[in-house]
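Good morning, and thank you for coming.

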Amino acid sequence: MSLSHTVHYHLPGLFEFYDLYAVFLPLYREHREYFYDWCDIGSIYGAPADCLWGGGRAGFGDADAKAVLALVNEHGISARLTFSNSLLREEHLSDRKCNEFCRRFSKKSVADGILETSNGVIVHSDLLAQYLKEKFPNLYLVSSTTKVLTDFNDFTAELNRDDFRFVVPDFRLNKSFECLSALSQAQKDKTEFLCNECCYFGCKDRKACYENVSRKNLGEDVPDHECKSPGGQEGYKFSLAMKNPGFIGIQDIQDTYAPMGFSNFKIEGRGLGSAIVLEFLLYYMTKPEYQLNVREAIYLDSMLDLF
C-alpha cells in the first residue's frame, strides 16, 4: 500500500539500545526493500544514565555520547534527549552533565557541506524549556507525554505554543477522531501519537507515576511507585498493548491516521529489553515476508546480546 505522505516513526532507546541500532540501522539502509516504503525513522530518543533532567523512565543508557552521535549522524537520523523531568528547580539547570549533553547534541552535523538533521529534547518542565531555548537554540523541543494531556482543549493549547516542534498527547486521546480531524494541518504535523502504551486505559495515577521517576532521577530516596491498576504488576506485554483501547496498529496508521493527515508516531519501550524493541521494529516497519530475514541478521550478530 502506498500513502500520499511519509510516516515518521520515533523510536526508543538512543542510549539504552545503542547496540541494537548499531546493527539495525545499517541493515535498514542496505536492505530498504525489507521495509515499508511509506515510513522512515524520524528520530531515536533516549536518556543517558544518571541525568537529573531525565524523566519518563529512570535512565539506564550507558552508551557513549560520541558513539551515539556518530551512529545517528552517519544515518541522517535526528537524536532526541529525553529530559522530561517534571520537578526541576532553578538550581538544577546548571547541572554540568546535562548541559554537556545538550552542548554536544546541539551541534548540527554536516556531510559533504550540506547541513544534516537537527537534534531535539523531549521536555516536561517549562522552566527547562525556556532555559534550552535561550542556551541551546539549535535544539528543537518536543512536549512530553508525561504531561498527561487527557483534555483535548489542553492538548490543542499545547499544539498552539510556538515552543514545540512536536507535542505527544496522552494515549487516551488517540481515538478522539472527531476532534483530531478538526485540527489544522499545521497542528496535525505537530502531533506525535504514542502508539503502543500498555498502561491501563482508566489509570488515574499516571502523573504520579511519572513524578516518582522524576524524584528518583533527582536522587531522592523514594520508594517505587506501586501501580494499583488492573494488570499493573504483570509488566509490559506487546500482546496486551495491542488490546489497549488507545493502541495504534499498523493498519490504523495506514487506513485512518495517515489519510487524515497525521505523520508522526512514537513507539515506547526505553524501559524494556532490546528483544521486545526488535519486535516493535518488525511489526511497525518491516514487511511480513522479510521479518525472518531481519530477525536472523540481528540474532546472528555475535556482538549483540538481545537478552
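Let us begin with helix H3, residues 96-105, where Cys98, Asn99, Phe101, Cys102 and Phe105 are buried. Why do these residues lie on the same side of H3? They cover an arc of only 160° around the axis, and that places them on one and the same side of the helix. Please keep in mind that this is a predicted model.

What covers the buried residues of H3? The cover includes helix H2 (65-75), strand E3 (78-83) and helix H4 (126-135). At the start of H3, a side-chain oxygen of aspartate 95 comes to within 3.3 Å of the backbone nitrogen of lysine 97.

I turn now to the empty spaces. Rolling a probe the size of a water molecule over the atoms shows where empty space is left.

The second largest pocket has a volume of about 200 Å³. Of its 13 lining residues, Ile41, Gly76, Ile77, Ser78 and Thr117 are the closest to its centre. Helix H1 (18-30) gives the most to this lining, with three residues, and strand E2 (39-46) supplies at least two. By class, the lining of this pocket holds five nonpolar, six polar and two charged residues.

The second largest cavity has a volume of about 40 Å³. Its lining consists of Gly13, Leu14, Tyr18, Tyr21, Ile44, Val68, Leu71 and Val72. Which helix contributes the largest share of this lining? That is H2, with three residues. Seven of the lining residues of this cavity are nonpolar, one is polar and none is charged.

Definitions and conventions: Residues are numbered from 1 along each chain as its sequence is written. This is a predicted model: local features need pLDDT of at least 70, side-chain atom pairs count only at pLDDT 80 or more; totals for chains, interfaces and linings use all residues. Side-chain values use heavy atoms; hydrogens and water are left out. Buried means under 20% relative accessible area, exposed over 50%, partly exposed in between (1.4 Å probe, protein chains only). Helices (H or I, at least four residues) and strands (E, at least two) are DSSP runs, numbered from the N terminus. The arc is that of the directions from the helix axis to the C-beta atoms. Contact means heavy atoms within 4.5 Å. A polar contact is a pair of N or O atoms within 3.5 Å; within protein, one must be able to donate a hydrogen and the other to accept it, and residues adjacent in sequence count only if both atoms are side-chain atoms. On a 1 Å grid over the protein atoms alone, a cavity is a set of points where a 1.4 Å probe fits but cannot get out, and a pocket is an open set with protein on both sides within 12 Å along at least five of seven lines; lining residues have an atom within 4 Å of a point. Grid points are joined across faces, edges and corners, and a volume is the space filled by probe spheres set on the points. Ala, Val, Leu, Ile, Met, Phe, Trp, Tyr, Cys and Pro count as nonpolar, Asp, Glu, Lys and Arg as charged, and the others, Gly among them, as polar.
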